[in-house]
Amino acid sequence: MSGFFITGTDTEIGKTYVTCLLLRDLRSRGFRVSGYKPLACGDRGDALAMVEATGLPASAAERVNPVYLRAATAPYIAAELERRRIQPGELTDGYRALAAEYEPVLVEGAGGWEVPIAPGYVMADLAKDLGLPVIVVVGNKLGAVNHALMTVKAVRAAGLECRSLVLNHMSESWDTASVTNRRLLEEFCDVPVAAELIYGQTSIDSAAVLGI
């Protein structure tokens with residue numbers, strides 16, 4: 001048990017929110033934990049939130065997020081705009097350095113499962129290189145079941161374990177989809193829905209989600 005890879009069914013569906021809740025709960029249970037945001041595009045807010053959740057000094061943001069790109073777009077394009085190329089090795093090396101000091105390390109991807117990072121290299125390839133169990137954050141909205149099922153199939157096609165799903169309500173309002181998505185996921189997906197978070201929830205059961 002050295003870490004977990006946290007992906008999502010889309011961008012802006014609460015991956016960082018869920019990651020920080022998990023980090024805080026793990027810390028309260030006595031784990032010496034760290035978050036890891038290998039790629040950040042647009043700003044470093046996600047990495048800074050992870051640093052705060054684990055009680056690390058602000059200077060740790062450089063280790064938690066080794067590659068920061070200014071444009072809020074796919075890492076591949078953001079890197080092109082800065083006339084640079086992301087080297088996969090720097091992303092895996094950053095994880096291993098943290099994993100030598102902290103356990104577990106929660107690795108949060110950028111965007112979804114197939115986001116381009118470098119020529120011939122997407123987020124799924126990074127997850128495969130790390131070889132960690134995967135947690136899928138599902139934004140609870142119309143279309144969530146379809147996106148979740150496709151993501152789980154892709155994770156397994158990569159030869160990785162999909163440990164659990166976290167269903168995240170992104171607003172205070174509820175509609176037919178948000179009310180029924182969990183039931184459909186439990187019927188059509190054999191990966192457990194380990195947590196369902198209402199909007200603004202401030203706690204999570206990390207043992208149920210991660211299995212540790």
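Helix α6 is mostly covered, with 6 of its 8 residues buried. Buried here means under 20% relative accessible area, exposed means over 50%, and partly exposed is in between, using a 1.4 Å probe and protein chains only. Helices are DSSP runs of H or I with at least four residues, strands are runs of E with at least two, and both are numbered from the N terminus.

Before going on, the ground rules. This is a predicted model, where local features need pLDDT of at least 70 and side-chain atom pairs count only at pLDDT 80 or more, while totals for chains, interfaces and linings use all residues. Residues are numbered from 1 along each chain as its sequence is written, and side-chain values use heavy atoms, with hydrogens and water left out.

Back to α6. Its buried residues are Met123, Ala124, Asp125, Leu126, Ala127 and Leu130. What covers them? The cover includes strands β1 (3–8), β3, β5 (105–108), β6 (116–118) and β7 (121–122), along with helix α5. Just after α6, Gly131 has a positive phi of about 70°.

Now the packing of α5 on α6. The axes of α5 (residues 88–99) and α6 (residues 123–130) come within 10 Å and cross at roughly 40°. That makes α5 oblique to α6. The axes are lines fitted to C-alpha atoms, for helices over the stretch in contact, and angles run from 0 to 180 degrees between N-to-C directions. Under 35 degrees counts as roughly parallel, over 145 as roughly antiparallel, 65 to 115 as roughly perpendicular, and the rest as oblique. The crossing of α5 and α6 is right-handed, in that the near helix is turned clockwise from the far one by less than a right angle.

Which residues meet? From α5 they are Leu91, Thr92, Tyr95 and Arg96, and from α6 Leu126, Asp129 and Leu130; contact means heavy atoms within 4.5 Å. The residues of this contact divide into 4 nonpolar, 1 polar and 2 charged.

On to charge pairs. Side chains of opposite charge can pair when their charged atoms come close. The structure holds 14 salt bridges, each being a side-chain nitrogen of Lys or Arg within 4 Å of a carboxyl oxygen of Asp or Glu.

Lys128 is partly exposed at 40% relative accessible area, whereas Asp125 is buried at 19%.

Arg96 is partly exposed, at 46%.

Arg44 and Glu62 form another salt bridge, at 3.1 Å between the closest N and O atoms. Arg44 sits in the loop between β3 (39–41) and α2 (45–54) and Glu62 in helix α3 (residues 61–64), so the pair ties together parts 18 residues apart in sequence. Glu62 is exposed, at 52%. Elsewhere, Lys37, Asp46 and Glu108 are linked in a network of salt bridges.

Last, Thr151 in helix α7 (residues 144–157). Is Thr151 buried or exposed? Thr151 is buried, with a relative accessible area of 8%. Leaving aside neighbours within four places in sequence, Thr151 is in contact with Thr7, Gly8, Thr9, Trp113 and Val136.

Definitions and conventions:
Nonpolar A, V, L, I, M, F, W, Y, C, P; charged D, E, K, R; others polar.
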